[in-house]
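Here is a friendly walk through one model, from its helix packing to its sheet and its aromatic rings. Keep the 3D view open as you read.

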Amino acid sequence: MMTLLDAFHSFEDPRTKTMNISNLLSCANTLGLTEKYPTIVRILETIQAEHEQIDYETFLKQLTTSLGNVRQPEGRKVLFNLIDTEGKGKVTFEDLKALAKEVGHIISDDDLQEIIQNITKNETISLEEFE
């Protein structure tokens, strides 16, 4: 999250105190970050759909809203949908493994499988089980 906020300031127009999200996404694509951080790119694309130019406060609010507050049911649903990248209505082992890799968390396949088994008797996690 801090990297995104630092990126905002790097691309901020000092006269208007706003940033063009297209520039940030273009830079991320050039650096190969779109494959490495697809969840963040999806969030930025969602924000871009609403705001071509955005100020810092709105950017921060949009990021926070997009990531969801996991203490609230709606926030857990937002997080679930971010993990369920294909919109299958379920989170799979592959989804969790991709998320762990994306956020830089090293976790074994056995540990991921154990997490799933602690949540559900199935091989996938539904939204209801996720909450």
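Predicted model: local features only at pLDDT ≥ 70, side-chain atom pairs only at ≥ 80, totals over all residues.

## Helices α7 and α8

The crossing in which α7 passes α8 is right-handed.

## Helices α2 and α4

Now turn to another helix pair, α2 (residues 21-30) and α4 (residues 38-50), which pack at an angle of about 155° with their axes 10 Å apart. Since angles over 145 degrees count as roughly antiparallel, α2 is therefore roughly antiparallel to α4. The handedness of the α2 and α4 crossing is left-handed.

Which residues of α2 and α4 meet? On the α2 side they are Ile-21, Ser-22, Leu-24 and Leu-25, and on the α4 side Val-41, Leu-44, Glu-45, Ile-47 and Gln-48. The contact of α2 with α4 is made up of 6 nonpolar, 2 polar and 1 charged residues.

The strands β1, β2 and β3 form an open sheet of 3 strands in the order β1-β2-β3, and their pairing is antiparallel. At the edges are β1 (12-13) and β3 (53-55), each of which pairs on one side only.

Strand β2 (residues 18-20) and β3 run antiparallel and are joined by 3 bridges. Helix α5 (residues 56-67) packs on this sheet and touches β2 and β3, with its direction at about 95° to that of β3. Within the sheet, you can find Asn-20 opposite Gln-53 of β3.

## Aromatic pairs

A pair of aromatic rings can be described by two quantities, the distance of the centres and the angle of the planes. The count here comes to 3 aromatic pairs. One of them is formed by Phe-8 and Tyr-56, with 5.4 Å centre to centre and 65° between the planes, an edge-to-face arrangement.

Where in the chain do Phe-8 and Tyr-56 sit? Phe-8 is in helix α1 (residues 2-11) and Tyr-56 is in helix α5, so this pair links distant parts of the chain, 48 residues apart.

Definitions and conventions
Residues numbered from 1 in each chain as written. Heavy atoms only, no water. Pairing = 2+ DSSP bridges. Helix = DSSP H or I, 4+ residues; strand = E, 2+ residues; numbered from the N terminus. Contact = heavy atoms within 4.5 Å. Axes fitted to C-alpha atoms, helices over the stretch in contact; angles between N-to-C directions. Left-handed = near helix turned anticlockwise from the far one by under 90°. Phe/Tyr/Trp six-rings, centres within 6.5 Å; stacked < 30°, edge-to-face > 60°. Parallel < 35°, antiparallel > 145°, perpendicular 65-115°, else oblique. Nonpolar A, V, L, I, M, F, W, Y, C, P; charged D, E, K, R; others polar.
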